[in-house]
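Please open the model in your viewer and keep the selection panel at hand. The tour goes from one selection to the next and says what is found at each stop.

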Amino acid sequence: ENPQLSSLNKTDLAFSEGSQSLYKPEPLEKVVRELMVSVLILTTDFFQLSERAAMDASYVQELDGILKEARTIENHLKQKRESLKQRFTVIANTL
């Protein structure tokens with residue numbers, strides 16, 4: 001057997017034995033509970049963001065409707081102005 005390889009294995013074994021005394025495994029129930037809380041928080045955040053996105057989309061649709069209505073009114077007013085100009089021209093020419 002290779003002497004360098006066996007010394008590495010002994011070092012790894014000694015390190016892992018020493019590190020086990022520093023590491024205290026948590027009970028599985030506690031880890032699962034913490035994960036469930038984290039998942040619940042993330043899910044709640046996701047749904048809140050989804051609701052905000054839906055609300056933002058409805059605001060965009062409402063603004064689009066307002067802009068369409070404003071353009072329609074603008075076009076109507078331009079037509080009225082043009083019609084008044086023509087009537088004033090006819091009146092001025094008859095005087």
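What follows begins with the confidence of the model and then turns to particular side chains.

Start by colouring the chain by pLDDT, since this is a predicted model; the mean over the protein is 83, and 76% of the residues reach 70 or more.

Next, select residues 7-15, where pLDDT stays under 50 and where the model has zero contacts beyond four places in sequence. Where pLDDT is low, the predicted coordinates should not be read in detail.

Now move to helix α2, which covers residues 28-94, and select Glu-74 together with Lys-78. Their side chains meet in a salt bridge, with 3.8 Å from N to O, and the structure holds one such bridge. Why are these two residues separated by about one helical turn? Glu-74 and Lys-78 are four residues apart in helix α2, and therefore about one helical turn lies between them.

For the last stop, select Phe-46 and Phe-47 and display their rings. The count of aromatic pairs comes to one, and Phe-46 and Phe-47 form that pair in an edge-to-face arrangement, 5.6 Å centre to centre with 65 degrees between the planes. The arrangement is called edge-to-face because the angle of 65 degrees is over 60.

Terms used
Residues numbered from 1 in each chain as written. Predicted model: local features only at pLDDT ≥ 70, side-chain atom pairs only at ≥ 80, totals over all residues. Heavy atoms only, no water. Phe/Tyr/Trp six-rings, centres within 6.5 Å; stacked < 30°, edge-to-face > 60°. pLDDT = per-residue confidence, 0-100. Contact = heavy atoms within 4.5 Å. Salt bridge = Lys/Arg side-chain N within 4 Å of Asp/Glu carboxyl O.
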